[in-house]
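This report describes selected features of one protein structure. The sequence and the structure are shown first, and the description follows.

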Amino acid sequence: MTPERDQSHMLRALAEAEAAAARGEVPVGAVVAGPDGAILAAAGNRTRELADPTAHAELLAIRAACALLGMERLTGCDLYVTLEPCPMCATAISFARIRRLYYGASDPKGGGVENGPRIFSQATCHHAPEVYPGIGEAEASLVLKNFFLARR
């Protein structure tokens with residue numbers, strides 16, 4: 001990947017996060033890019049809308065990319081997320097065989113990658129992607145901060 005493409009994909013993930021916030025969802029956005037760098041799927045959180053606690057942006061984007069490709073694995077694909085994935089999403093990322101994970105803001109309370117259970121470093125983890133934290137961190141953090149400030 002190139003820094004320009006990484007920035008472009010994270011901007012798309014941020015747009016998905018902002019759309020989620022407009023729907024009243026926690027503003028997290030995700031983008032799956034194929035091996036050639038083209039966007040295969042993009043999603044924002046929809047847990048409230050779908051009444052589904054698993055409808056996190058990452059899972060929705062992974063499901064859409066798998067459906068598009070007609071495969072259960074996304075080998076060679078990259079995932080861009082505005083917030084460090086939770087343990088559930090980190091496990092799904094491993095199962096999907098995502099090549100690289102890029103994320104914006106760290107999540108000390110709910111993260112599962114570099115915080116919390118650190119899913120990819122567990123002996124039971126069959127696949128760990130390359131992880132690149134802090135991509136678009138300031139923007140992603142601001143979207144989250146503004147969302148929660150408006151609710152207090």
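Glu-49 is partly exposed, because its relative accessibility is 46% and this class lies between buried (under 20% relative accessible area) and exposed (over 50%), with a 1.4 Å probe and protein chains only. Glu-49 forms a salt bridge with Arg-23, with 3.5 Å between the closest N and O atoms; the term denotes a side-chain nitrogen of Lys or Arg within 4 Å of a carboxyl oxygen of Asp or Glu. This pair links distant parts of the chain, 26 residues apart: Glu-49 belongs to helix H2 (residues 47-50), and Arg-23 to the loop between helix H1 (3-22) and strand E1 (29-33). Helices (H or I, at least four residues) and strands (E, at least two) are DSSP runs numbered from the N terminus. Arg-23 is also partly exposed, at 31% relative accessible area.

The model is predicted: local features need pLDDT of at least 70, side-chain atom pairs count only at pLDDT 80 or more, and totals for chains, interfaces and linings use all residues. Residues are numbered from 1 along each chain as its sequence is written, and side-chain values use heavy atoms, with hydrogens and water left out.

The structure holds 6 salt bridges. The table lists three of them.

| Pair | Closest N to O distance |
|---|---|
| Glu-49 and Arg-23 | 3.5 Å |
| Arg-99 and Asp-78 | 3.0 Å |

Asp-78 in strand E3 and Arg-100 in strand E4 are 22 residues apart and link distant parts of the chain. Salt bridges with shared partners join Asp-78, Arg-99, Arg-100 and Glu-130 into one network. Asp-78 is buried, with a relative accessible area of 0%, and Arg-100 is buried at 17%, whereas Arg-99 is partly exposed at 24%.

Most residues other than glycine have a negative phi. Arg-97, in the loop between H4 and strand E4 (100-105), has a positive phi of about 65 degrees. Arg-118, in the loop between E4 and strand E5 (130-133), has a positive phi near 50 degrees. Both are partly exposed, with relative accessible areas of 23% for Arg-97 and 44% for Arg-118.

The loop between E4 and E5 also contains Gly-111, which is buried at 3% relative accessibility. Gly-111 and Gly-37 are 74 residues apart in sequence, with 26 Å between their C-alpha atoms.
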